[in-house]
Amino acid sequence: MTPAALASSLWEAADSHPTEATACSFAFFLGLNACVGRLARPHAPTLFGRRGRGQQGGRGRPHGDELLGVFVNHTVTLVHVALAVCGVWHMFVREQGLEVLSRDPLHGRLPTTAVLYPLSLGYLLYDTLDLFRTYRSTARSSPPQWILLHHLALLSGVAFSCGLGLRDAPSGEAPGLFRPSECAAAPLIMLLFAHELNSFFMLGRAWLRLLGCDSVGSAS
């Protein structure tokens with residue numbers, strides 16, 4: 001099977017079985033979290049430098065395990081960001097997303113949503129669960145309430161998109177046949193997913209702090 005045929009099969013499988021695709025996405029990110037944590041733990045003292053040493057019990061200062069947990073979460077988040085940005089790029093370039101946006105922002109459809117919606121929903125489930133594990137950590141890139149608001153915005157956009165698609169579906173069509181690729185307003189929601197680009201900068205800054213490279217910012 002050629003790579004193109006394999007990609008097409010995966011695309012069709014995600015579109016035909018979005019619930020299973022979401023479960024697979026959730027399992028993937030959960031497994032990635034466990035793998036990165038196991039690989040990074042032996043190197044934590046070196047990885048976090050002075051941030052990971054001598055801070056046990058320091059009031060208001062994150063300790064080694066807390067730094068590791070946030071570092072692993074940000075690593076997994078960066079993987080999702082990269083996948084989401086690739087999906088948005090594909091929409092812009094390969095599916096003429098901007099053209100469809102200008103022509104039909106509310107009822108336009110973009111095939112990449114067949115994969116991007118289940119992928120991101122699985123990630124949101126993972127990250128919401130993991131967020132409460134490190135909810136009070138001062139090492140996070142953003143306050144948890146802002147991250148939850150970001151998740152809520154994405155979920156609201158997807159719900160609006162798919163709800164509009166269901167409303168536009170031909171009368172009499174069975175709801176079980178509905179697919180993510182049939183969600184309307186996909187060109188409009190594409191712009192919401194494009195916000196993931198900002199996460200590269202947000203996570204990069206958080207990583208620098210985790211690795212003890214915040215002396216310049218502290219001095220200014």
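Reader: Which residues line the largest cavity?

Author: The lining of the largest cavity is made up of Tyr117, Ser120, Leu121, Leu124, Leu154, Leu155, Val158 and Phe193. On a 1 Å grid over the protein atoms alone, a cavity is a set of points where a 1.4 Å probe fits but cannot get out, a pocket is an open set with protein on both sides within 12 Å along at least five of seven lines, and lining residues have an atom within 4 Å of a point. Please keep in mind that this is a predicted model, in which local features need pLDDT of at least 70 and side-chain atom pairs count only at pLDDT 80 or more, while totals for chains, interfaces and linings use all residues. Residues are numbered from 1 along each chain as its sequence is written, and side-chain values use heavy atoms, with hydrogens and water left out.

Reader: Why use a probe for finding empty space?

Author: Because rolling a probe the size of a water molecule over the atoms shows where empty space is left.

Reader: How much space lies in the largest cavity, and which helix gives the largest share of its lining?

Author: The largest cavity holds about 40 Å³ of space, where a volume is the space filled by probe spheres set on the points, and grid points are joined across faces, edges and corners. The count comes to 1 cavity of 30 Å³ or more. Helix 6 gives the largest share of the lining, with 4 residues, and both helix 6 (113-133) and helix 7 (144-168) supply at least two residues each. Helices (H or I, at least four residues) and strands (E, at least two) are DSSP runs, numbered from the N terminus.

Reader: What classes of residue does that lining have?

Author: The lining of the largest cavity has 7 nonpolar residues, 1 polar residue and no charged ones. In this scheme Ala, Val, Leu, Ile, Met, Phe, Trp, Tyr, Cys and Pro count as nonpolar, Asp, Glu, Lys and Arg as charged, and the others, Gly among them, as polar.

Reader: Now the largest pocket: what is its volume, and which residues are closest to its centre?

Author: The volume of the largest pocket is about 490 Å³. Its lining has 19 residues, and Leu10, Ala14, Val115, Leu116 and Leu119 are the closest to the centre. Helix 1 (3-16), helix 2 (18-40), helix 4 (64-93) and helix 6 each bring at least two residues to that lining. By class, the pocket lining has 15 nonpolar and 4 polar residues, with no charged ones.

Reader: Stepping back, how many helices and strands does the chain have?

Author: The protein chain has 10 helices and 0 strands. Of its 220 residues, 41% are buried, where buried means under 20% relative accessible area, exposed over 50% and partly exposed in between (1.4 Å probe, protein chains only).

Reader: Changing topic, how many salt bridges does a search of the whole structure find?

Author: The search finds 4 salt bridges, a salt bridge being a side-chain nitrogen of Lys or Arg within 4 Å of a carboxyl oxygen of Asp or Glu. One of them pairs Glu12 with Arg179, with the closest N and O atoms 2.8 Å apart. Glu12 lies in helix 1 and Arg179 in the loop between helix 7 and helix 8, so this pair ties together parts that are 167 residues apart in sequence. Glu12 is partly exposed at 40% relative accessible area, and Arg179 is partly exposed at 26%.

Reader: And where do Arg103 and Glu99 lie?

Author: Both lie in helix 5 (residues 97-103), 4 residues apart, which is about one turn of the helix. Arg103 counts as exposed because its relative accessible area is 56%, whereas Glu99, at 47%, is partly exposed.

Reader: What about Arg167 and Asp168, how far apart are N and O in their salt bridge?

Author: The distance from N to O there is 3.7 Å. Arg167 is exposed, at 60% relative accessibility, and Asp168 is partly exposed, at 30%.
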